[in-house]
Amino acid sequence: MDPKNIRSQIPSLQGDSPIYLDNACVTLRPQSVIDAVTRYYEQEPSCGGRSAHRWGMAVTRTEHAARDGIARLVGAQGPDEVVFTRNATHSINAVAHGTKWEKGDVVVITDKEHNSNSIPWRMQDGVDVRVSRTDEDGRFDLEDFEAICADAGDSLRMAAIGHTRNLDGTSTPAKECAKIAHDHGAQILLDAAQSVPHQVVDMQEIEADFLVFSIHKMMGPSGMGALVASEEAFNGLRSIAAGGQTVSRSTIDDFVFKPGRGHLEGGLGHYAGYYGTAAAVDFLNDLSMEKIHEHEVKINRIISEGVRDLDGTSIIGPDNPSERGGITSILLEGRDPHQIAIMLDEGFGIYARSGLHCVDPWFHANDALNGSLRFSAYAYNTIEEAKQTVDAMDELFTAIPRT
Ligand SMILES: Cc1ncc(COP(=O)(O)O)c(C=O)c1O
């Protein structure tokens, strides 16, 4: 793992660049991804999957390469198991709105879900959304999850669980959850927006039915996400984007949907996004997902150990950084996380995130509506940056007294 080498390939990190620790929101992009997006617009700006001219065929090939690369990255069986979407939110909506629910069906989520993995399920008429609570140390509580699933019994239709949480970086024992859901005849959707970019994820090993993530959180272009599932699982969904490209036959009175992923990707694709996705997957393949994870934990350890004893701070989640990936999310007593985030930027060029991170229910339940200050690392952050962040926090906390 050589963060300096990775940095050298990222234009936004050249020269007088910030210490970018907002990677859970969006990651930075290497030149190869930017070049690939530009190549589409400059050299082959046409329609894929339908036009037989040379530009069209080039787009079709790149789209296939992107799909194939994503499938391999997450251990899916092939490119037809990948539906491209706008982002993880769109992917979850495709499943939540696409499932044919029956009154009384139960969906189990947790108390630390991103709104994107909560609201779409709550919107479904007749669906009973139940919440599995994390334990007192902030870890996923498998026993609680199992009990809630058992209580739902045959009514359980879906476990929709964050694989790794953007709130605090904690992870879920996904394979065990999948087994429990399947034992009740239900499906499992893993919100992998914070796992696929940061660690090895093997869908077949986990036996997840649906895996969703955002490609802009893994060095890919904005507005690209993925929904990965088997052809059978795709066949069970009603399309929320029916229209062009989704039917194998249509007359004025009738139509027949394409099977599998075919009926779910309506309309013209984000071709530039596919180009950037193929390049992002190539970039990640040259790194090692195990090493990315290890490196992020190292950064997290330095920041966690450096801020843990600052006056009025408490880190959300378990104490040990190795259980929180690259995310250090800090509650501040007597200081405003937004003010600290602004001062970190203005005084030190450190980009952190403050607020509720779209996990509002957790902050409501914990009476912490000021939100948290969150540092989230990626492969290109350096040990030196982590130390500078600790020094900056120390200086700010000395300069700003608690109210
Ligand atoms: C765990 C998790 N799920 C879902 C999302 C939604 O991702 P997007 O906004 O790219 O759809 C995020 C974004 O931060 C996230 O961290």
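Helix 7 (residues 174-183) lies across strand 5 (156-162) and strand 6 (187-191), running at about 155 degrees to strand 6. Such angles run from 0 to 180 degrees between N-to-C directions of axes fitted to C-alpha atoms, for helices over the stretch in contact. Helices (H or I, at least four residues) and strands (E, at least two) are DSSP runs numbered from the N terminus.

The model is a predicted one: local features need pLDDT of at least 70, side-chain atom pairs count only at pLDDT 80 or more, and totals for chains, interfaces and linings use all residues. Residues are numbered from 1 along each chain as its sequence is written.

The order of its 7 strands is 2-8-7-6-5-3-4, in an open sheet with mixed pairing; two strands pair if DSSP finds at least two bridges between them. Strand 2 (82-85) and strand 4 (128-132) each have a single partner strand, so one side of each is left without a neighbour in the sheet. Strand 7 (residues 210-214) pairs with strand 8 (residues 225-229) in the antiparallel sense over 5 bridges, and S214 stands opposite G225.

Finally, helix 6. The buried residues of helix 6 (residues 142-152) are F145, I148, C149 and A152, where buried requires 20 or more other C-beta atoms within 10 Å of a residue's own, placed from the backbone. Helix 6 is followed by G153, whose phi is positive, near 55 degrees.

Methods
Two residues are in contact if their C-beta atoms, placed from the backbone, lie within 7 Å. A residue is buried if 20 or more other C-beta atoms lie within 10 Å of its own, exposed if 12 or fewer, and partly exposed in between; C-beta atoms are placed from the backbone.
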